[in-house]
Amino acid sequence: MRSRPRALTAAALAVTLAVGLAPAADAARPAHGAPPAHAARQDPARHTTATADRQAADPEATGIRSAYANVLDLQGVPAAAQPGEFNPVTVFADRGAWHAYALPSVQDPSTHGGFSGPLHIAQEYPWWLSKSFSRMRLTEAGEHLDLAGGGAPRFTSLPGALRQTYRLDDGLRLTLELRFATERTALVRARVHNTGRAPRTLGADWTGTLLRPEAAPQRDAPALSATARGVAVGFARVREKWDYLTDGTERFEVTHREPVRTTVEGDTYRSELAAPLTLAPGAARSLDWTESYTFTAAERASEASSVRRVLAHPAANALAGEARWRRYVAGVTRGVPADRRRLAVKSLETLVTNWRSAAGRIRHDAISPSLSYKWFTGGIWAWDTWKQAVGTARFDPRLAQSQIRAMFDHQIRPTSATRPQDAGMIPDAVFFNDQADGGGNWNERNSKPPLAAWAVWEVYRRGGDRAFLREMYPKLAAYQAWWYRNRDHDRDGLAEYGATVDPANDSTEQRRLAAAWESGMDNAPRFDAGLGTSVVTNRDASGTVTGYSLTQESVDLNAYLAADQDHLADIARATGDRAGERRWRARAEATHRAVRERMYDPGDGWFHDIALDSGKRLTARGRGIEGAIPLWTGTASRPQAAAVRDRLTDPREFATPVPFPTVARSSPYFAPQRYWRGPVWLDQAYFAQAGLRRYGYAAQSRTLTDRLLTAAHGLSARSPVMENYDPLTGAPLNSPNFSWSAAVLLPMLSQR
């Protein structure tokens, strides 16, 4: 699935939440980060401090009900600056921010009063800046008050917010709430409430200490400095390709609404509220501050204006955020059975935390595979994007459009100086840095499976934006043309996975590896060199090398191409191109027919890849889940679909305890924990169960899907959504908080 560096290998939804939240509301709202128009029209003087106070006192008043509290376990405190390859602490981010937070530990009083982190992304890699950069303390008569003096605190994650609630004593309460105000800034609101019968005079301060990386030069990158309204962290320029990338222009900054005095000593700072808080009995006061992470001086200047606006009207910003998340939750839970709605909201939160706004070479908002895995943090992948966009469109069609654009921004043009022969191609993965900027993770050695037209069509179905169809139509057509120009070695209308002409594809083995990556199923048995898989060279009419193909035509690739041709016909019809519709429909029919007639083996009732030279079906490699794709695409005949159904529902084949393994249990190459050699990937499970439904096997589809959702560890609990699962035990495997798993769960849950 991943082209890695060569050196690496619910309870029911409350009725009040769903009322009036039709998807059309998303299409009419302003750009990401902007408050709704009604919020801008509000009179700040009438701003309802009282409303904000009621919300802080009563979590139910926020409108995001407790049915969706703590769908993920977001408690944890980092032990070191580097989170490791897999971050053990699940974090929360929103609006495409490049920094994230977690809730502290209930058991550790030294963490109380602050949110864990932030976890910030050094362009491509995640690092903890602090255990808790802004830990708030209250004082009375010069003595620090015990935040847990009146009992254990409550730490709660809600859709779109993190909340901490403390009872300091019988008469004093503190509530902290963090949500994101813009794509670069988090807003923290601290509400101090005197619930007693006597007035209280309190002081407040904030303190934090940097977590420094252990190794040079990144160890010396962050540096603290006091500012007029808080504290800032500047970063030195560090270009450690595989660990830490900064330009020296990055900045993390805390800005308080109220005047503070800040002192810095080494790696520790203290900001003290300039004037004491005097609270009459029953009175409350809110203290607000922002935490911003920017990459450039221009971003910092722009964000300073945003911060001023946010701090001028923090309650309005919080209310706008709550309204946005009500729309999000309504979008993902509509049509979902009550007992599966918490899982839908967990999927939503996973996708939003992995959302990255435009930065560096990523020019549009997009969704990364996982903020929890080092190598997935700062980049976006093509076929991940296609699947993620389909899920995202259920709650934010415009964000879904944006992430598709983020990949097509890098579609190879005919004028390319380095690879004009690849005009139309979508690179495998793009990151904050390309090779010219010293990035090592960018990958143009291969593309990824062609599901882009499906994604565009599904986003259109949710959002209804024909202008988006017109924008994408020629780009999708160019991508199709590239596949047949550069990946159909024998010009027979069936394409092969392959590799590009690229400096990294400098040997037969490297080309085979890139071709396996292009399939997305990196180490599947069907790509093993030991089973005869190799590559051939593709040339144009003049003899110029245009790329390389595997020595097999793959069933999933060609079924995907046929489906995208059908979707291109749909797009042509929707945009008024009747001639184009006829051409694409004819092309799709031909591709479906070729797959149906040449790739299905009646002897074992399954679809297989075929040898490029002989056209023989490669059955000796066993059955892989790719053989079910022709059901999802509508390629299979009725008898073929019935035979595939029999395999999918057979416990000796694909109906394992967690159904839909990537390799059949009967295969000699079945390995339940080896990436694409047996584990259950939810995208392939989605395609298989949706294919069964398409051919009328709804009961079997529902039975297998329910078993998967129940048996895959943690899906029904607070554990993260994983990259894949052991098909025999349901054990979680590989990357946690994985975006495409979350994205395909949404249509699986609603089956609409």
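Before listing partners I noted the pairing rule: two strands pair if DSSP finds at least two bridges between them. Strands (E, at least two residues) and helices (H or I, at least four) are DSSP runs, numbered from the N terminus.

On provenance: this is a predicted model, where local features need pLDDT of at least 70, side-chain atom pairs count only at pLDDT 80 or more, and totals for chains, interfaces and linings use all residues. Residues are numbered from 1 along each chain as its sequence is written, and side-chain values use heavy atoms, with hydrogens and water left out.

Entry one, β9. I looked up A190 and found L287 as its bridge partner in β19. Strand β19 covers residues 284-294 and runs antiparallel to β9, with 9 bridges joining them. Opposite A190 I also found L176. On that side β8 (residues 172-180) is joined to β9 by 9 bridges, again antiparallel, and a hairpin of 4 residues connects β8 to β9.

Entry two, burial. I used buried for under 20% relative accessible area, exposed for over 50% and partly exposed in between (1.4 Å probe, protein chains only). In β9 (residues 185-194), 10 of 10 residues are buried. One face has T185, L187, R189, R191 and H193, the other A186, V188, A190, V192 and N194, and both are covered.

Expected span is 1.5 Å times one less than the number of residues, so the 20 residues of α6 (314-333) should span 28 Å; I read 29 Å between the end C-alpha atoms, which agrees. Since 18 of its 20 residues are buried, α6 is largely enclosed by the rest of the structure. Just after α6, G335 has a positive phi of about 85°.
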